[in-house]
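Biologist: I'd like to learn how to read ring contacts. Could you walk me through some?

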Amino acid sequence: MTFTLTPAQVATITTSVHTAHILAPLREEAAQTMRLGDKRPASRPVGTIPQRVPQPASKKRPTGPIHRIIQGECLEMMAKIPDQSIDFVCADFPYNISGKGGVTLRNHQIVSADFGEWDKFPSEEAYFDFVFAVCTEYRRILKPNASMVLFFGYRQAGWIAHELQRRGLFTFRMPLIWVKDNPMPSVKKTTFRSAYEMGLWLINDGGTFAQPKTFNFLTQARMRNVMSYLIGRDGYKRTQHPTEKPELLTRRLVEIFSNEGDIVLDNFAGGGTTGVAAFKAGRNAISIEREANYIAMIEKRQSAVEARLADQRNEKP
């Protein structure tokens, strides 16, 4: 059983630091005793709720940010998020490049670029239909003029940005380029080495070129739209997810486009980089991920972060 929020609850959520335990009514179990990040029995279909003895609602409020981890299909789970309740989206879309002859570096070995079924679509049209269906949900759930940074493959990124603005959904402000200072070698030596990732900074303003809801200018050095990192360092590869983004640069985006206590969404959570980076920065986070093995990675990563924070609190006199 699922249920949605009343307008009064939405108002409470969007003004409360802890947001009623971060949109807890997305799942009945989250409003009771079981955290959405807990492991689920393999026999129970994704998205279903176990039968539980009703418990009285706890009046105890959390003392810090919350990272809500949800397993399920992203569009299905996003449909349960209230309108205008999200402050920032940072998401790394499937690139639709698996099984098409490319290669990548994994465990210091050059292997075929086949990341899994989640990165395969029957046609380019099906892929773009999926992208725009997700972006239509972003338009609904993001607060007015809130920002999002979406990562796509370089072949599609520019056209997607143009289309999102042409359709009157978002304003495309500029690309954000993440440069790999130690990119993978060119195996066949027939093209350039792939040395960057491209993110699109978009504003939820209906294409009206409004100012962003939140934009925290850091320092001149840290506000270039071209940022560098080293594969294997700089907060990179915390899990075994094949397309994990560096936590260092992800956290920078979180700090620029959101404030403490805000809600940050990543609906293609993968190894959980956005959610964990947001949690560390004092933001509340929602991580949606379809694959059970990646959910386990996120849970393990989040638990390690919470354990370190608990140790630090215990060490204080």
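This is a predicted model: local features need pLDDT of at least 70, side-chain atom pairs count only at pLDDT 80 or more; totals for chains, interfaces and linings use all residues.

Biologist: Which residue lies over the face of Phe132?

Modeller: A charge sits over a ring if NZ of Lys or CZ of Arg is within 6 Å of the ring centre and within 35 degrees of the ring normal. Here Arg167 lies over the face of Phe132, 3.8 Å from the ring centre. Likewise, the charged end of Lys245 sits over the ring of Phe151, at 5.3 Å from its centre.

Biologist: How many aromatic pairs does a search of the whole structure find?

Modeller: A pair of aromatic rings is described by the distance of the centres and the angle of the planes. Rings of Phe, Tyr and Trp (its six-membered ring) pair if their centres lie within 6.5 Å; planes under 30 degrees apart are stacked, over 60 edge-to-face, the rest tilted. The search gives twelve pairs. Among them, Phe93 and Tyr138 are edge-to-face, with 6.3 Å between centres and 80 degrees between planes.

Biologist: Is Phe93 buried or exposed?

Modeller: Buried means under 20% relative accessible area, exposed over 50%, partly exposed in between (1.4 Å probe, protein chains only). Phe93 has 2% relative accessibility, so it counts as buried; Tyr138, at 0%, is buried too. Phe93, Phe130, Tyr138, Phe152 and Phe268 form one aromatic cluster.

How values were computed
Residues are numbered from 1 along each chain as its sequence is written. Side-chain values use heavy atoms; hydrogens and water are left out.
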